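This briefing covers selected features of one structural model.

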Amino acid sequence: RAEAEGRNNLPPSSEEMPSGTQREIIAYFTNLRRRARHQVTGTADKSSGILEQIRQSDSLARLREVPAGCENKILRLIADSDTHLDDVVEREQKQKRHYDAFREQNGLDRVASYPRAAYLYYLMLPVLITAIAFALASIVEANAGANASVPLAWIVTVSAAAVVVPFFVGGLSLRLINHAGIFEQFIGLIGTIVAITAILGMAFYTDFHIAAMLANPETSNRDVLDAMLAAPLDVVSGLANWKGFVLVALSGLVAMILAYRSDDPYPGYGAVQRTYYRSRDARDHAAARLRKRINNLIDGSGTEIDTLSKDLKNQVRTYTSLVEKSKQIPAALNDYDADLEDACNMVLDRYRVANTIARQSDAPLSFAEHVCFNPASETDYELFQDGGANVAELQAMIVELDKEAALARQNLRALNLRMINSISEPQFSDTE
């Protein structure tokens, strides 16, 4: 291009100011210089924006407000939970009064004792009934003749009666014997005698019924009862009879013992204590749930403090880094300007030399012009030095922030302790 323009004697010899290709070359390097300054200006704008965000965030004031805000949330939570908590506390105290009155009325100075899984004793009833029915069926099968049999429904009914009646009647009667009242003790003694009599009666009845049915399948219950009254000692007349009697009698006694061991020996004491303990557990559960929600609010406020502190420190760190880097920018810009100036003049020289060789006329005066980019102005220096005055202020703000954060966390701990203690602990316990 330089040679082509030179053959056409362009630019004209009378040109004093660079034009055409020279102007394009100068414009190219000037644009590079402008883009560098624009990039630097963007960095300065970024640091200014960060500084403005720090000042507008008002992190110290927001941090001071965290404990108070958390306390308001906790107070609202407690107010919302007061009705339910008051109900369970009132229920616990009512059951406690009933429990204490029962102990005092019956002269009890111990804690009721009963199995932790009392329901297992009740689950043993069908197991025991099944075992008795199976044993009775085995006795019948071992002694049955060709045409003799005992109905399965009768075997199951007798087995159930031999277990259920002693379990519920005998177990309660045995506990009544431990009662503080003489009348209740008498009722318990009578009930125990009745239960044992019923066990023996069912044992005799089972023995005679099996023997009669095996001898004559057409035998009625009336015939069985007549045989029992006529010869009650026939129960020991054969091994099979003896097995049936002992099986039913022992099963009834085992059922009585199971019923007696399924709860506290004193009648009603286990139920009263369990009712009181359930109300106390319900109160503990409600209080524990409320304390957990309070702890969650405290933890959330602690996280908020950490987030505020971390965000502000990150912003200050970023701003400080930009300010430190900006201190080197003026010198770097001047060096960059010098490099651009050298590069621009070098390209212009190559163009001018090639153009001069190819042209027929004298070289224009503009070829003698030397491009000189002005160094960074005082305004440019002020642009990068201006942020340095704020670094010390921000560092002092960080120190103050750490103090406020530590104070806020301390206030949260005190608030947590105060609010948790405001939820009254159970006032009653049994250590006897």
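A search of the whole structure, which is a predicted model, finds zero disulfides. A disulfide is a covalent bond between the sulfur atoms of two cysteines.

**Cysteines**
- Cys70 has a relative accessibility of 1% and therefore counts as buried, since the cut-off for that class is under 20%.
- Cys344 also counts as buried, because its relative accessibility is 0%.

**Helix 4**
- Helix 4 comprises residues 119–143, which is 25 residues.
- From its first C-alpha to its last, helix 4 reaches 37 Å, close to the 36 Å expected at 1.5 Å a residue.
- The buried residues of helix 4 are Leu125, Leu128, Ile129, Ile132, Ala133, Leu136, Ile139 and Val140.

**Helix 5**
- The 25 residues of helix 5, residues 152–176, should span 36 Å at 1.5 Å a residue.
- The end C-alpha atoms of helix 5 are 36 Å apart, so the span agrees with that expectation.

**Packing of helices 5 and 6**
- Two packed helices are described by the angle between their axes and the distance between the axes.
- Helix 5 packs with helix 6, residues 182–215, at an angle of about 165°, and the two axes are 7 Å apart.
- Helix 5 and helix 6 are therefore roughly antiparallel to each other, as angles over 145 degrees fall in that class.
- The crossing that helix 5 makes with helix 6 is left-handed.

Methods: Residues are numbered from 1 along each chain as its sequence is written. This is a predicted model: local features need pLDDT of at least 70, side-chain atom pairs count only at pLDDT 80 or more; totals for chains, interfaces and linings use all residues. Side-chain values use heavy atoms; hydrogens and water are left out. Helices (H or I, at least four residues) and strands (E, at least two) are DSSP runs, numbered from the N terminus. The expected span of a helix is 1.5 Å times one less than its number of residues. A disulfide is a pair of cysteine sulfur atoms within 2.5 Å. Buried means under 20% relative accessible area, exposed over 50%, partly exposed in between (1.4 Å probe, protein chains only). Axes are lines fitted to C-alpha atoms, for helices over the stretch in contact, and angles run from 0 to 180 degrees between N-to-C directions. Angles under 35 degrees count as roughly parallel, over 145 as roughly antiparallel, 65 to 115 as roughly perpendicular and the rest as oblique. A crossing is left-handed if the near helix is turned anticlockwise from the far one by less than a right angle, and right-handed if clockwise.
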